[in-house]
Amino acid sequence: MQVIPGEEYRRVRDSYVKDFMNNRNGDFTDAYMKSLDRQVVVGTPLMAEESDTKTLATTLNNEADVKAAVAQGIVAFMGHGNPEGYDYYGGNIRYLQLEDYLRAINPNYYVGTVDMDETYAEDVLAHIGGGIYDFEVGDMGYRQNYGEPNQSKKAQLFVLMSIAGDHAHNDMADDEDDESWYSLFNAAGIETAAYETNFTEACWKKYKSGEEYIPGLAERSAVRKLWMNHTRQAIAKLGTDEALSTPTTAPEE
C-alpha cells in the first residue's frame, strides 16, 4: 500500500479511516468525536499521482547502482501490483507510467509486477522482444511501444517495493524456482543477476561491501525523501476538510 494507490491503500483510506472518523459504527460519543477535531490524516503512496511517477523515475535513474546497471544492459523492476478485480480506481496504471518515464531516460528499463495482469515476468520478457502492447487498467486503456527488440544479453533485477521480502527473495531471485524472474530471464538467454554487491545504504548492520544484497525502495534515502514529502503534504491538511482526501488515479490533464 506504500507504492501505488491500490487495493490496500484504498481500504485503509476509504474504509478504516473514514469509518472511524465518521463514527459509522456508532462506537464513540459525539463529545469524543468532536474532540478529535478532524486530526486524522492519510498520507499518499509513493506514486499517488502520475507526476510522482516521473519524479520517481528520475530518482531511481540517479541511484548509483541502478545507473551502473542500466549502462551495462537491461534493468527490470519488479513491483507488486493488484489483480485487476482488486485494482481500485486503476492504481496499476502507475507501473506503466513509471515504465514510460524510465524508458524515456533509457530504453533498457522495464517494469513488471507479481500480481498485475500482463506485467508478469514472461510479459516483461515479451516486452524486451519489442513491439506495441495495449493494456486495460480499470476503465483506462494504455498503449506501450517497446520499439525494436532489445539485444542486450545482460540484466539486473531490482525490487519496486518498500522492503525486499518474500516476493523479492522468492518470486524474483530464487535460483531454485524455475518460475522466478531470475530463472526465467536466464532461461531466455539473458545473463541475469537478482542480487547486487555495490549497494551502499544497506540497512543490515552486519552487511559488508561486496556481499550479495537486494535493496528495498525504503533503503534508498532519495526515495525515502519522496515519501517524507508526501507525509509533510498530508500533515499540512490537518484540521481541514481535505484531511481525508487523496489524489485519484485518473489521468492528469
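Predicted model: local features only at pLDDT ≥ 70, side-chain atom pairs only at ≥ 80, totals over all residues.
Local features need pLDDT of at least 70 and side-chain atom pairs pLDDT 80 or more, while totals for chains, interfaces and linings use all residues. Residues count from 1 along each chain as its sequence is written, and side-chain values use heavy atoms, leaving out hydrogens and water.

View 1. Asp-52 sits in helix 3 (residues 50-61); helices are DSSP runs of H or I, at least four residues, and strands are runs of E, at least two. Buried means under 20% relative accessible area, exposed over 50%, and partly exposed in between, with a 1.4 Å probe and protein chains only. A polar atom of the Asp-52 side chain does lie 2.8 Å from the backbone nitrogen of Glu-49.

**View 2. Phe-77 and Tyr-109, a stacked pair.** Six aromatic pairs turn up in the whole structure; Phe, Tyr and Trp rings (six-membered for Trp) pair with centres within 6.5 Å, and planes under 30 degrees apart are stacked, over 60 edge-to-face, the rest tilted. Here the centres are 6.2 Å apart and the planes at 25 degrees, so the pair is stacked. Phe-77 is in strand 1 and Tyr-109 in strand 2, so the pair ties together parts 32 residues apart in sequence.

**View 3. Tyr-133 and Tyr-146, an edge-to-face pair.** Their rings are 5.8 Å centre to centre, with 70 degrees between the planes. Tyr-133 is partly exposed at 27%, whereas Tyr-146 is buried at 3%.

Terms used
Polar contact = N/O pair within 3.5 Å; in protein donor to acceptor, adjacent residues only side chain to side chain.
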